[in-house]
Structure formats: structure tokens, C-alpha cells
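Here is a short briefing on one protein chain. Please look over the sequence and the 3D view before reading on.

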Amino acid sequence: MTEAATVDAYGVRTEPATVRLQRLLPGPIERVWAYLTESDLRRQWLAAGPMELTPGGAVELTWRNGELSPGDDRPDSMPAEHSMTSRMIRAEPPRVLAFTWNSGEVRFDLEPQGDQVLLTVTHQRLPDHGAMLSVSAGWHAHLDVLADKLAGRTPGAFWSKWTRLREDYAARLAE
């Protein structure tokens, strides 16, 4: 992670089943919004798929994390492709985006900070400790790819980062 891209090193567990992460990203805000909402841009750092930006609208996400850093070994426990169907909760361009995520929800808040944008990701109602570890590591690894893309850098190794972060989080939560 780069200093410029990271506001907090690990995110904050704001409630037993909620994690909040922040990144300071290169702007402008409209560009960051496009990377959140447009399938062709979103697939470069998270997942492809259509997204209806109206409450109740369909959100289809398909992850192919191996495409984020070819040559990086995927853990055997993780599928090469995974899809999820969700529903839009809130879309207020270019500042707020929220949609369901399995039994929980994810919210993105964007706030201009000069020529940068503060992105806050809040993931609520995580079902258990294992999900919190996996989701937190996943968000950090994906947000690092987003920061690299927005800065014009080649992203680092996604799966290696995810594995290292998941282990780091497990050790921190055990303290």
C-alpha cells in the first residue's frame, strides 16, 4: 500500500459485524465515481457487471480476480470466478453508492479533498469472524488495485496481498 493511497492501515471495526475502510485517491470525484459504477472500469479493480443506479435496481457483479494480476497464484480455496446478484439501495452521483451484499450491504462515500477524493467503504452485517477477515482483506487488496489504476501504476499482486492481509488481520484480531 502506498502512503498516498492509505488513510488507515487496516480499516476500523465500527460494530461487531461492520468494517469501514478509507482510501485517499487521485481525483476528480467524477472519475472515481465512474470506476465504482461503470462495468468496464469496475472490472479493472473489483468486478464486472451491470448496475442500475436506482433504488431497487439490479446489481450484477462477477469477480475474476486472476485478471487483476496475471501470474499471481490464486489460493486453492478461492474460485477462479464468482458472481453475485444484488439490489441497489442508494445512488447519489457522484457521492453515495450503496447496494446489498449477500445478507449485508456495502456503502461507498466519496468526498473531494482538493485534487484527491476520500473514498470510505462501509461493509455492514458481516455474518461471522471468518467473513470479516476475508472481506476486510479483499477490500484492501481491491482498493489498492483501484488506487494504482487511478494513479496510472501497474497494480501489484492481488492474491498475494489478499493472503498476507488476511493473515495479518487474523493475528491483529487475536491480540
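Strand 4 and strand 5 form a hairpin, with three residues between them. Four bridges join this antiparallel pair, in which Ala91 stands opposite Leu97 of strand 5. The model is a predicted one.

**Overall make-up**

- The protein has four helices and seven strands.
- Along the sequence, the order of these elements is β-β-α-α-β-β-β-β-β-α-α.
- The radius of gyration is 15 Å, which agrees with the value near 16 Å that a compact globule of 175 residues would have.
- Along the principal axes, the C-alpha atoms fill a box of roughly 40 × 35 × 30 Å.
- Of the 175 residues in the protein, 47% are buried.
- Among contacts with a separation of 6 or more, 54% are between residues 24 or more positions apart.

**Surface and charge**

- The accessible surface comes to about 8,400 Å².
- Carbon and sulfur atoms hold 49% of that surface.
- The protein carries 19 positive and 24 negative side chains.
- The centres of these two charge sets lie 1 Å apart.

- Strand 1 covers residues 12–15 and strand 2 covers residues 18–26.
- Strands 1 and 2 run antiparallel and are joined by three bridges.
- Two residues link strand 1 to strand 2 in a hairpin.
- Arg13 has Val19 of strand 2 as its bridge partner.
- Strand 2 also pairs with strand 7, residues 116–124, through eight bridges.
- The pairing of strand 2 with strand 7 is antiparallel too.
- Arg20 has Thr122 of strand 7 as its bridge partner.

- Strand 3, residues 58–63, pairs with strand 4 in the antiparallel sense.
- Six bridges hold the pairing of strands 3 and 4.
- Glu60 stands opposite Thr85 of strand 4 in this arrangement.
- Strand 4 spans residues 82–92 and continues the pairing on to strand 5.
- Strand 5 spans residues 96–101, and five of its six residues are buried.
- Strand 5 also runs antiparallel to strand 6, residues 104–113, with six bridges between the two.
- Phe99 stands opposite Val106 of strand 6.
- Strands 5 and 6 form a hairpin with two residues between the strands.
- Asn102 in that hairpin takes a positive phi near 50°.

**Val106, in strand 6**

- Val106 belongs to strand 6.
- Is Val106 buried or exposed? Val106 counts as buried because its relative accessibility is 0%, and the cut-off for buried is under 20%.
- Beyond its neighbours within four places in sequence, Val106 contacts Leu97, Ala98, Phe99 and Trp101, among others.
- Its contacts also include Val121, Thr122, His123 and Trp139.
- Val106 and Val19 are 87 residues apart in sequence.
- In space, the C-alpha atoms of Val106 and Val19 are 9.8 Å apart.

**Thr37, in helix 1**

- Thr37 sits in helix 1, which covers residues 29–37.
- Thr37 is buried because its relative accessible area is 10%, under the 20% cut-off.
- Which residues does Thr37 touch, not counting those up to four places away in sequence? They are Arg42, Met51, Leu53 and Leu97.

Note on methods. Residues are numbered from 1 along each chain as its sequence is written. This is a predicted model: local features need pLDDT of at least 70, side-chain atom pairs count only at pLDDT 80 or more; totals for chains, interfaces and linings use all residues. Side-chain values use heavy atoms; hydrogens and water are left out. The radius of gyration is taken over C-alpha atoms; the globule rule is 2.2 Å times the number of residues to the power 0.38. Buried means under 20% relative accessible area, exposed over 50%, partly exposed in between (1.4 Å probe, protein chains only). Contact means heavy atoms within 4.5 Å. Accessible areas come from the Shrake-Rupley method with a 1.4 Å probe; for residues, only the protein chains shown count as cover. Lys and Arg count as positive and Asp and Glu as negative; His and the chain ends are not counted. The place of a charge is taken as NZ of Lys, CZ of Arg, CG of Asp or CD of Glu. Two strands pair if DSSP finds at least two bridges between them.
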